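Here are my notes on this model. Please read them with the structure open.

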Amino acid sequence: MNNRKTVVLAGASGFIGGYFRTRFEQDGWQVRAVGRTGADTVRWGDDDGLTRALDGAELLVNLAGRSVDCRYSQRNKAQILDSRVSTTAELGRAVARCSAPPATWLNASTGTIYRHAEDSPQSEHDGELGHGFSVEVARAWESALAAAKTPLTRKVPLRISIVFGPGGGVMRPFAALARLGLGGHMGSGSQKFSWVHVEDLYRSALFVHQRTDLTGPVNVASPEVVDNRELMRLVRRAYGVPFGLPTPGWLLELGAVMIRTETELVLKSRWVQPRKLLDAGFAFRYAELGRALQEITGRRA
């Protein structure tokens, strides 16, 4: 008899999804992957296959969504939005068809949903939502989850901060900027930077699944927030770059164009407070950014 717990992991081919798949398997879970390749258990658009994959599973984790590490052209913006909203809606329809649906559905969202904040942290209880394209995407993403009719499944949007980890994520554009000599503080340098190590993201997902009293949006961010000056100092140290030019907004825009990303990544002040996780007793393994970057790059100060 197979007593392994089953997780359905949507978006398993990306940086975070690949990490989750490996860690779930290491922890003894059976992983059913949803994606667009032959390596996945079921592909998007296969309604019956998706329902079969979800039926009897204990946990659903949806990380699907086109990368936002790109220029925000109209085409890219449309793909970013659709890749999140349509997949969430598709999962909702499939969960509704299950005779034994997952107990928990963790759906990715983003800490960028909060306003530009340099004055106070933004928690789940008193955080103020912002404006702009990224916020519109986050609102639509969470609305698609809320609209899913799944009375037997607890649905929790994870408002995830910028994720650091070995081999991917936001490390590449930051490393590229540093190596271009643009590794000094950016803009005013006072903007806050909320982040989380991918291992703590995985651990927090398991924690939220196990803590059935946790409901509504959950912020996933290290409690140790840094400003942009400290961020770039630690990035330079991690990559062995001795100096970096401070970059005003207009110059940063040129650098962002060169590496095909957006300045929002570093100019928006993200101050996301993981109040629900902390109040519930979750302990971050990587609470300090310097240690996290050293672990990721293999460098020691």
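Which residues of the largest nonpolar core touch the most other members? Point 2 takes this up.

1. Basis. This is a predicted model, where local features need pLDDT of at least 70, side-chain atom pairs count only at pLDDT 80 or more, and totals for chains, interfaces and linings use all residues. Numbering starts from 1 along each chain as its sequence is written, and side-chain values use heavy atoms, with hydrogens and water left out.

2. Main core. Phe20, Phe24, Val61, Leu106, Leu158, Val208 and Leu277 touch the most other members of this 33-residue core. A nonpolar core here is a set of buried Ala, Val, Leu, Ile, Met, Phe, Trp, Tyr and Cys residues joined through side-chain atoms within 4.5 Å; buried means under 20% relative accessible area with a 1.4 Å probe, protein chains only. Two or more residues each come from β1 (6–10), α1 (15–26), β2 (30–35), β4, β5, β6, α6 and β11. Helix α6 gives the largest share, seven residues.

3. Second core. A separate core of 28 residues includes Val170, Phe174, Trp195 and Leu293.

4. Sheet. Seven strands form an open, parallel sheet, in the order β3-β2-β1-β4-β5-β6-β11. Strands are DSSP E runs of at least two residues, helices H or I runs of at least four, numbered from the N terminus; strands pair if DSSP finds at least two bridges between them. β3 (42–43) and β11 (218–220) are at the edges with a single partner strand each, so one side of each lacks a neighbour in the sheet.

5. β4 and β5. Four bridges join β4 (residues 59–62) to β5 (residues 104–110). Val61 is opposite Leu106.

Terms used
Buried means under 20% relative accessible area, exposed over 50%, partly exposed in between (1.4 Å probe, protein chains only).
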